[in-house]
Amino acid sequence: MTALLTLMLLAPADTRSAVLFQGDKSSANCIGCVKLQDSFTIEVWVRIEKWPENMGWVLMHGGPCSPHRCMFFGFGPGGTAIFGFIVDDLIGNVIDLRTSDVGVWIHWAVSFDSATRTRKIFRNGVQFASNFATEPYLPESDNIHFAADNTGNNPFSGSIDELRVWNTVLNPTTIQAFACFPQNIRRISASHPAAASLNARFIFKPLAMHIPNTVNLRSALIEGDAWLIVSGANDDALARACPKQS
């Protein structure tokens, strides 16, 4: 079954929501809608339901995959977070995520600085890993895929919410401060220091939920047994994962 993700659930306008993927049974994609040039940052709230047996890709950009022609972020063997271009991947293994992150909302961000070729992973706004890519990122397409790669392999089992793509490298202070405002989703164009560099936002909300100032809002096509769930990341993760905001 394929349907517009934003049409799958009706809920009150003040209710947060996320999308739940059931491993190899579901994925989503947005074809030709995210053009990455030079430097970028991608943020996303993630709640892992089941640790992948091999690799579980939360998102993939570009493709078909060949070295430095597609990009992915996800989780892998040994409780690691992985961000790479199919070669010399960045692996975050500061802690075993299998014991800390399953069933918990975590804010993740990955960034690539094209000038220095520096790649970074941030967990709840704190740098988790860093390395240097041997070549620039030169995607073969503007496609973005969620919860699997473009062939349906490397499935991810869990929920994602409020994914943002920026055409710049965000610093840790900005990532942490703006990850945690439920209201900020509505006023991000006016308040975020990098607002002019916002490429796209996937908020995974039903169409009936009106959100003012939805800058660069995208929809995605969903396939298989995935659905929107009420109570997304900015509801139940704030107290645990984010600093208190005034």
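Is arginine 47 buried, exposed or partly exposed? Here arginine 47 counts as partly exposed, because its relative accessibility is 25%. Keep in mind that this is a predicted model. The close-ups below start with that residue.

**View 1. Arginine 47 and its salt-bridge partner, glutamate 49.** Arginine 47 forms a salt bridge with glutamate 49, and the closest N and O atoms are 3.6 Å apart. Glutamate 49 also counts as partly exposed, with 39% relative accessibility. A search of the whole structure turns up six salt bridges. What's the idea behind such pairs? Side chains of opposite charge can pair when their charged atoms come close.

**View 2. Aspartate 88 meets arginine 119.** These two side chains form a salt bridge at 3.0 Å, N to O. Aspartate 88 sits in the loop between strands E7 and E8, while arginine 119 belongs to strand E10, so the pair ties together parts that are 31 residues apart in sequence. Arginine 119 is buried, with a relative accessible area of 0%, whereas aspartate 88 is partly exposed at 26%.

View 3. Elsewhere, salt bridges with shared partners link Glu43, Glu162 and Arg164 into one network.

**View 4. Strand E3, tucked inside.** Five of the five residues of E3 (residues 26–30) are buried, so the strand is largely enclosed by the rest of the structure. Ser26, Ala28 and Cys30 point one way, and Ser27 and Asn29 point the other way. E3 pairs with strand E12 (residues 144–146) in the antiparallel sense, over three bridges. Look for alanine 28 opposite phenylalanine 146 of E12.

**View 5. The largest nonpolar core.** Of its 41 residues, Phe73, Phe75, Trp108 and Ile121 touch the most other members. Strand E4 (residues 40–50) supplies the largest share, five residues. Another core, of seven residues, lies apart from it and includes Phe122, Trp166, Ile175 and Ala194. In soluble globular proteins, nonpolar side chains tend to be buried together.

**View 6. The largest pocket.** This pocket has a volume of about 230 Å³. Among the residues lining it are Gly23, Asp24, Trp51, Met55 and Phe156. By class, the lining has five nonpolar, four polar and three charged residues.

Key: Residues are numbered from 1 along each chain as its sequence is written. This is a predicted model: local features need pLDDT of at least 70, side-chain atom pairs count only at pLDDT 80 or more; totals for chains, interfaces and linings use all residues. Side-chain values use heavy atoms; hydrogens and water are left out. On a 1 Å grid over the protein atoms alone, a cavity is a set of points where a 1.4 Å probe fits but cannot get out, and a pocket is an open set with protein on both sides within 12 Å along at least five of seven lines; lining residues have an atom within 4 Å of a point. Grid points are joined across faces, edges and corners, and a volume is the space filled by probe spheres set on the points. Ala, Val, Leu, Ile, Met, Phe, Trp, Tyr, Cys and Pro count as nonpolar, Asp, Glu, Lys and Arg as charged, and the others, Gly among them, as polar. A nonpolar core is a set of buried Ala, Val, Leu, Ile, Met, Phe, Trp, Tyr and Cys residues joined through side-chain atoms within 4.5 Å. Buried means under 20% relative accessible area, exposed over 50%, partly exposed in between (1.4 Å probe, protein chains only). Helices (H or I, at least four residues) and strands (E, at least two) are DSSP runs, numbered from the N terminus. Two strands pair if DSSP finds at least two bridges between them. A salt bridge is a side-chain nitrogen of Lys or Arg within 4 Å of a carboxyl oxygen of Asp or Glu.
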